[in-house]
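Open your viewer and get ready to click along. We will visit a ligand site and then look at some ring contacts.

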Amino acid sequence: MSVVYERTKGLNQNQSIYCPGCTHGLEHKLVMEVLEELGVLDRTIGITSVGCSGLMFRILNTEVVTSLHGRAPAVATGVKAVQPDAIVYIHQGDGDALSIGMAETISAASRGENITVIFANNNIYGMTGGQMAATTMVGDKATTCPAGRDASLDGNPMRACELISQVEGAKYVERVAVYDVPHIIKAKKAIKKAFQNQIDGHGYSFVEILSTCPTNWHLDPLASMDKVKNEMEAVYPLGVFKDE
Ligand SMILES: Cc1ncc(C[n+]2csc(CCOP(=O)(O)OP(=O)(O)O)c2C)c(N)n1
Ligand code: SF4
């Protein structure tokens, strides 16, 4: 009998650290499969942000460096500088990348750092219990906007790909989703391209993945996937924003 599917060597045997229906785990799996297919698992260093995915070191078989909230781009820059042969990537949430870490995100893109960013946009601060994030959509409820985000009071949601694609140093910027198999396949292709760019020395690549947080959205896993498809995609359109 031939083997048609195997667990990627990039994931260890530990139980998932995420809530049921959270897409962080699926995103790690895609990243690890890509790194294994590219043959670079043993020279990859992941940089965690602060947020739920900050615990990714528990389930990954790659090296992982933990950084302070919002500071993953600076840590990734330093790691790449001292280990230029390492494949360095960041997995960070929207609170980390676009709120406390916005300056770092834009600066790393502007410098054209040869790193890969996997940006999980789940519309909310997950780890700390569901506060409004820079990405929270107008009308969506969070603990800090219980009546729903009001643009006149709280500002408008920030669109990462639209912003970062305007930054000169950014080379590849794409937004993907993972709510069904065709989209998962597309997301994996984008992730692979982002890592291939780094291997080829092309510079800064940014992949935004529309993600779920069933726990703080107060939805079950299937309804969460539907929300991404029916609501998030309208505010955050999928596609390639830059490919130089
Ligand atoms: C300097 C600092 N400020 C605030 C916090 C609290 N904090 C921890 S995680 C987090 C937000 C995480 O949200 P996000 O980046 O969207 O990731 P998620 O948990 O949703 O994956 C905040 C505000 C902190 N750890 N450090
Ligand atoms: S709180 Fe949200 S982001 Fe964090 S693990 Fe649970 S579902 Fe995922």
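A pocket, in this tour, is an open set of grid points with protein on both sides within 12 Å along at least five of seven lines. Keep in mind that you are looking at a predicted model.

**Stop 1: the ligand site.** Select ligand 2: the space it takes is the largest pocket. Now show the residues around ligand 2, among them Tyr18, Cys19, Cys22, His24 and Cys52.

**Stop 2: a pair of rings.** The whole structure holds two aromatic pairs. For one of them, select Tyr89 and Phe195: the ring centres are 5.5 Å apart and the planes meet at 75 degrees, so this pair is edge-to-face, as planes over 60 degrees apart count as edge-to-face. Tyr89 belongs to strand E3 (residues 87–93) and Phe195 to helix H7 (residues 181–199), so the pair ties together parts 106 residues apart in sequence.

**Stop 3: lysines over rings.** Select Lys193 and Tyr172: Lys193 lies over the face of the Tyr172 ring, 5.3 Å from its centre. Finish with Lys227, which lies over the face of Trp217 at 5.5 Å from the ring centre.

Terms used
Residues numbered from 1 in each chain as written. Chains lettered and ligands numbered in written order. Predicted model: local features only at pLDDT ≥ 70, side-chain atom pairs only at ≥ 80, totals over all residues. Heavy atoms only, no water. Near = heavy atom within 4 Å. 1 Å grid on protein atoms, 1.4 Å probe; cavity = no way out; pocket = protein on both sides within 12 Å on 5 of 7 lines; lining within 4 Å. Sits in = over half its atoms within 2 Å of the grid points. Phe/Tyr/Trp six-rings, centres within 6.5 Å; stacked < 30°, edge-to-face > 60°. Helix = DSSP H or I, 4+ residues; strand = E, 2+ residues; numbered from the N terminus. Lys NZ or Arg CZ within 6 Å of the ring centre and 35° of its normal.
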